[in-house]
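Me: I'm new to this one. Could you walk me through how to read it, a feature at a time?

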Amino acid sequence: MNDKTDLVNKGDRNKIYFLIVVIVALLGTNAYLFFKDKHESERFVNVNTEKDRLELEVEKIEVELDKVNSINVSLNDKLIDGQRMARKKIAQLKQALQKGLLTQEELANAQNQVRELRGFLQNYNEDIMKLKRENFHLKSEMDSLASYALTTSQEAETLSKRNVELNAKIKTSAALKASNIVVTAFKIKSSGKNVEVTKANTTKKLTVTFEIVPNQLAAKDYHQIYLRIFNPSGNLIADDANMFEADGQEMQFTIATSISFNDDNTAYKMDWINPGPYVKGVYAIILYADGYTMGRASIDLR
């Protein structure tokens, strides 16, 4: 009896041991699967999180690149090529990160590319700022040159005006001036002898005598002298074809002659025979030389 009981108890114990082993194995398997799933879940979450972070980083790099480009700076060929390559790499990265899943190798590659882009952007930004500073200094130099050129131009214009004024003064100073101007009336006898008269009805000729004021600036050369004679009514006695320019305007002259000036106190004279009769009153005369008025005088015929 006791032997049967022992056999039964021994069989139950074996079953219990087997069940325990099975339970332990199941628990181990479940634990393995649990931790494996948890690890896979965490790895998937980590990969997705890093993918999102990289996408955001790429967007930031592109925004910063656009921001740098908004600066009004003319880029050189090196910067243009660098920017073109960076934008191409950004486009490739965006396309890669838009995939549903990334392997660890793809993720690591994307991370390296983002770091390279970040380094490029930093260098690119520094180059742009350097170029901007150079442009600023260049603009300052150009502004200084423009200001200098304007000042120089204004000074040259002022100097030109002064030269014109000085030349005008020299020209005026060099013009001949008459002194001791005397107008005398003569009648001409049949013998040809000139007799001085004072009456209009006996006057046939007017003679104007004058001297030249000493002038070291005047050219010692031949000078054209113009004489204008006005009758007592104030009308100029002149031929329409006799034209000259003096005092800045064109005018008619009565007679003209050429004299040789040597600055030696030589006395000169000009004779004029009236083609018509003389009338009572004052005859006024004006002498001109070198484009300016030389002097004035008059004679009163009774």
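Below, we go from the overall layout to a few single residues.

Reply: Two ground rules. This is a predicted model, where local features need pLDDT of at least 70 and side-chain atom pairs count only at pLDDT 80 or more, while totals for chains, interfaces and linings use all residues. Residues are numbered from 1 along each chain as its sequence is written, and side-chain values use heavy atoms, with hydrogens and water left out.

Me: How many helices and strands does the protein have?

Reply: Helices (H or I, at least four residues) and strands (E, at least two) are DSSP runs, numbered from the N terminus. Here there are three helices and 10 strands, and along the sequence they read α-α-α-β-β-β-β-β-β-β-β-β-β.

Me: In what order do the four strands of the open sheet come?

Reply: Two strands pair if DSSP finds at least two bridges between them. In this open sheet the order is β2-β1-β3-β8, with antiparallel pairing. At the edges sit β2 (194-197) and β8 (267-273), each pairing on one side only. Seven bridges link β1 (residues 178-188) with β3 (residues 205-212); valine 183, for instance, has valine 208 in β3 as its bridge partner. Another seven bridges join β3 to β8, again antiparallel, and lysine 205 is partnered with isoleucine 273 in β8.

Me: Which side chains of β8 point to which face?

Reply: In a regular strand, side chains alternate between the two faces of the sheet. "Buried" means under 20% relative accessible area, "exposed" over 50%, and "partly exposed" in between (1.4 Å probe, protein chains only). Along β8, Tyr268, Met270 and Trp272 point to one face and are buried. Across the whole protein, 27% of the 302 residues count as buried.

Me: What makes up the largest nonpolar core?

Reply: A nonpolar core is a set of buried Ala, Val, Leu, Ile, Met, Phe, Trp, Tyr and Cys residues joined through side-chain atoms within 4.5 Å. The largest one has 30 residues, and Leu176, Phe210, Ile225, Ile285, Leu287 and Met294 have the most contacts inside it. Elements giving two or more residues to this core are β1, β3, β4 (222-230), β7, β8, β9 (281-289) and β10 (292-301). A second, separate core has eight residues, among them Tyr226, Phe230, Met251 and Tyr288.

Me: Which residues have a positive phi although they are not glycine?

Reply: Most residues other than glycine have a negative phi. Asparagine 180 has a positive phi of about 50 degrees, and aspartate 290 has one of about 55 degrees. Asparagine 180 is in strand β1 and is exposed, with a relative accessible area of 52%. Aspartate 290 belongs to the loop between β9 and β10 and is partly exposed at 30%.
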